[in-house]
Amino acid sequence: MATAWFETVAEAQRRAQKRLPKSVYGALIAGSEKGLSMRDNLASFDQLGFAPHVAGLSSTREMSVRVMGQDMSMPVIISPTGVQAVHPQGEVAIARAATNRGIAMGLSSFASKSVEEVAAVNSQTFFQMYWCGDRDTLVQRMERARAAGAKGLIVTLDWSFSNGRDWGSPWIPEKIDLKAMFKLAPEVVVRPRWLWSFAKTGKFPDLVAPNMAKPGEKAPTFFGAYYEWMQTPLPSWEDIAWLREQWGGPFMVKGVSRVDDAKRVVDLGATALSVSNHGGNNLDGTPAPIRALPAVADAVGSQIEVLLDGGVRRGSDVVKALALGARAVMIGRAYLWGLAANGQGGVENVLDVIRGGIDSALLGLGKSHVNQLDRDDVVAPSDFYRSLGNS
């Protein structure tokens, strides 16, 4: 019988697949259309190698960084992910794990736990927003996050509402009622540990988005919030600049892959940007973020904090991203696999695995601090990089 501890994120994913109902696991896999971007996010890291040293190596390695005004123990941030049916404690368990490992927590507007609950256990919470609803509603959500103690704001722009997956999309109900329970019963009954974890709490996932609730009203369902988002007119650059002004503090734009867009983000006064394709859920065929990162970092890295989000599964991936210009990375599916495998302890396990991998790569490269990494540490095929919008 397997122990609770796992040695790689890949093993966490295998355990998550065994534990989660098919629909829940399928929702986490995500991706869009043919899955080109989703697969490239992972495969691209495999094409990068290292140029290691063999003597004169540093006996100590330091990983601390400062991002969005927050000091962190390593260059890894929890990326915001939407409403979860992975574990009863959801984002609260993730936030506690992040606190225990000294890193920041990104919380989605579509999360299953409220910003008040999460910020109470992680003082380095960044609240993520979509351009959803009218301006008064946006301000209300923003001020609620500020009052709860959020230290920064993330606006996510990399989503194109792609429809359909060649491998099929999981069935996700509007809410868990008797009809939904009956339909899901065949796949839930064969996952007794997942079922029991929720049964012990006396309730099942309700699939609501508490951070999208308007004052005095009940929280909408995920699909109710999603519908509001889809019906909202798309934002202009002026709208995003307005949002930054309203927040007034550390502000990240997530979803950049083009150099010209990165320059617009700098112009609007953002603190940080994240090179991302929404985990492969954006326009399919968008290059993996690690391919687009160097061009963006070269263009604006001296003016803004550049992060990478997409495909990170091990500490060596983090080191590759930092060597190519990122200040830090954001992880999503990696910690969700840990949460599914073993709750808060599983998330801490994932973070420990990643930290160990960073340390090992720094040792091999002869670096004493992550800020010493540079492009000469990485070996890449001649056709690896993508420079988008750099004309």
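Residues are numbered from 1 along each chain as its sequence is written, and side-chain values use heavy atoms, with hydrogens and water left out. Because the model is predicted, local features need pLDDT of at least 70 and side-chain atom pairs count only at pLDDT 80 or more, whereas totals for chains, interfaces and linings use all residues.

**Exercise 1.** Locate the residue that UniProt lists for "active site", and determine whether His 278 is buried or exposed.

*Solution.* Step 1: the unreviewed UniProt entry lists His 278 under this feature; UniProt positions follow the numbering used here, feature names are shortened, and annotations may be inferred rather than shown by experiment.
Step 1: His 278 is placed in the loop between strand S9 (272-276) and helix H12 (289-300). Helices (H or I, at least four residues) and strands (E, at least two) are DSSP runs, numbered from the N terminus.
Step 2: the relative accessible area of His 278 is 13%, so this residue is buried (under 20% relative accessible area; exposed is over 50%, partly exposed in between; 1.4 Å probe, protein chains only).
Step 3: leaving aside residues up to four places away in sequence, His 278 is in contact (heavy atoms within 4.5 Å) with Tyr 130, Thr 156, Asp 158 and Trp 159.

**Exercise 2.** Describe the largest nonpolar core and the other core that lies apart from it.

*Solution.* Step 1: a nonpolar core is a set of buried Ala, Val, Leu, Ile, Met, Phe, Trp, Tyr and Cys residues joined through side-chain atoms within 4.5 Å.
Step 1: the largest one has 109 residues, and Leu 243 and Phe 251 are among those with the most contacts inside it.
Step 2: helix H14 (residues 333-365) gives the most to this core, with 15 residues.
Step 3: another core, of ten residues, lies apart from it and includes Val 83, Phe 110, Tyr 130 and Met 212.

**Exercise 3.** Examine the phi angles of Ala 30 and Met 68, and state where each residue lies.

*Solution.* Step 1: most residues other than glycine have a negative phi.
Step 1: Ala 30 belongs to the loop between H2 and helix H3 (36-46) and is buried, its relative accessible area being 6%.
Step 2: Met 68 has a positive phi of about 50 degrees. Met 68 sits in the loop between strand S2 (65-67) and strand S3 (70-72); with 1% relative accessibility, Met 68 counts as buried.
Step 3: Met 68 is also one of the residues that Phe 251 touches.
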